[in-house]
Amino acid sequence: MQNRGVSTLRDLVEEHTSLSGEDLEHLHRLAGDWQLLADLSFADLLLWLPVAESGFLCAAQVRPTTAPTAYHDDMVGKMATGSVVDQLTTAMIERRIWREGDPVWHDGVPARQEAIPVRRGDRVIGVVGRVTNLAATRVPSQLELSYLQAADDLCLMVAGGTFPPPPVEEKTASAPRVGDGLVRLNSLGVVTYASPNAQSAYRRLGLAGDLVGEDLATLTRGLATDPLDGGEVCSRIQAAVRGEVKGRTDVEARGATALIRALPLLPDGVPIGALVLVRDVTDVRRRDKALVTKDATIREIHHRVKNNLQTVAALLRLQARRVATADARAALEESVRRVASIAMVHETLASSLDETVDFDSIVDRVISMVAEVAAPESQVVVRRVGSFGVLSAQIATPLVTVATELVQNAVEHAYGPGEAGEVIVAAHRWRGRLHVRITDDGRGLPPNFRLDGSERLGLQIVRTLATGELNGTLELRPRSEGGTEAVLVVPLIPSR
């Protein structure tokens, strides 16, 4: 079987195995957390799934960031061959870690192979192959020995069904890695090893001495600026030592911030301590705060622009009531609608987390607004078909004006007083472009009508925005079944 390059873990499990949804979720959590195991092992990890009578299929792969890989090719989607099949079979049937073989060669690279059964409950649902590139072996340092000891404990947990840990609600999406900083605790919560990066992270938090020999939970609580945050981190570290799993969290002290994740060590189901991953995220959190402040400022600007536009619309409405000339009143009322439609976009942006808007809701409000200002005797129904989707502010602002003008033009000019009809606003996306079609079943276009020759201000605005601001195309043409259709095509990636 050749690697198709696009198969996901879910695809391979559903296509080639009879594993349950809970089994798949366990494998997904393993694949989501096993970079930690690969880095501690200095080894590649391959997830092998038993496939009927044909052997084992590689469903996932991860390479270490701490050592050279043993595989230059992607193994996902390939079947196990040779002696590997026997190793995987032994690990699965005997439910133990297989590691008694001699080194083998992969693409000219000597490698040591191990097979670790993946247990869930009382069943083995797969096998993890741990393959170490021996070409880069050297005299191990204290760091490497500590990493390997932790990796062996985690492998026993995989075989025992206690790794990966059960899912927990996380406060942050980021996660520390082995290279960021690693601390090992014994069963009393005392530090037995701290990597140089972990030591440096705690120094930034205000630690004057060494971590080794310290009660990490108590030490961290004492360093924290906020007693509540310190107590939270302390309780999570203590819970991990007891064998419980809690989410990762931040701790701040002396202007520095560290992201901490505590994992229990439960080889053979017995808590023997914990691994604590520490990452100095001071600069990251400072940038996050700056971005939050910037986003809040942008939303406030949109809110104020919306308020100002609504004020302008109100002033124009007051002026329209005082104008005696019908044409002047109509012109001011049209300006009110244009300003109000743009204000809708800024109102939406004021509550958005990014510079995008759900344009369907805006079009629905435009339709409602047009219906409100239509002549009392009007029997024209306006409705939307399809979806505009989420659009950037750069597209949404001119597009709402175009849509308002075209819908208003159809309602006002396609039908006579008291005539019934239907105006449809249809939208769909295709090949990176937004296609908008506004149709009516009214009286149709005047003879010899040309869009570029129209003297109507509304149509001139529409043409300018469609071809200029939106970098699109606009066509106004008669329908074969009667009435008129306006066809607007807009690229979804705005021009710069």
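**Entry 1: Thr257**

I began with Thr257 and found it buried, at a relative accessible area of 6%; buried means under 20%, exposed over 50%, and partly exposed in between (1.4 Å probe, protein chains only). I am working on a predicted model, where local features need pLDDT of at least 70, side-chain atom pairs count only at pLDDT 80 or more, and totals for chains, interfaces and linings use all residues. Residues are numbered from 1 along each chain as its sequence is written, and side-chain values use heavy atoms, with hydrogens and water left out.

I placed Thr257 in strand β9 (residues 256-265). Strands here are DSSP runs of E with at least two residues, helices are runs of H or I with at least four, and numbering goes from the N terminus. Which residues does Thr257 touch, not counting those up to four places away in sequence? I noted Leu205, Asp250, Val251, Glu252, Arg279, Asp280, Val281, Thr282 and Arg285, with contact meaning heavy atoms within 4.5 Å.

**Entry 2: helix α3**

Next I checked the length of α3 (residues 83-94): its 12 residues should span 16 Å at 1.5 Å a residue, and the end C-alpha atoms are 17 Å apart, which agrees. The expected span is 1.5 Å times one less than the number of residues.

I listed the buried residues of α3 as Val84, Gln87, Leu88 and Ala91. Down the axis they fall within an arc of 95°, so they line one face of the helix; the arc is taken from the directions from the helix axis to the C-beta atoms. On the face turned away from that buried side I found the exposed residues Asp86 and Ile93. The cover over the buried residues of α3 includes β1 (44-51), β2 (55-62), β4 (109-120) and β5 (123-133).

I then looked at α4, whose 19 residues reach 27 Å from first C-alpha to last, close to the 27 Å expected. Its buried residues include Tyr147, Ala150, Leu154 and Val158.

How do the axes of α2 (residues 21-41) and α4 (residues 142-160) cross? They come within 7 Å and cross at roughly 145°; axes are lines fitted to C-alpha atoms over the stretch in contact, with angles from 0 to 180 degrees between N-to-C directions. In the contact, α2 brings residues including Leu30, Leu37 and Asp39, and α4 brings residues including Leu148, Ala151 and Cys155.
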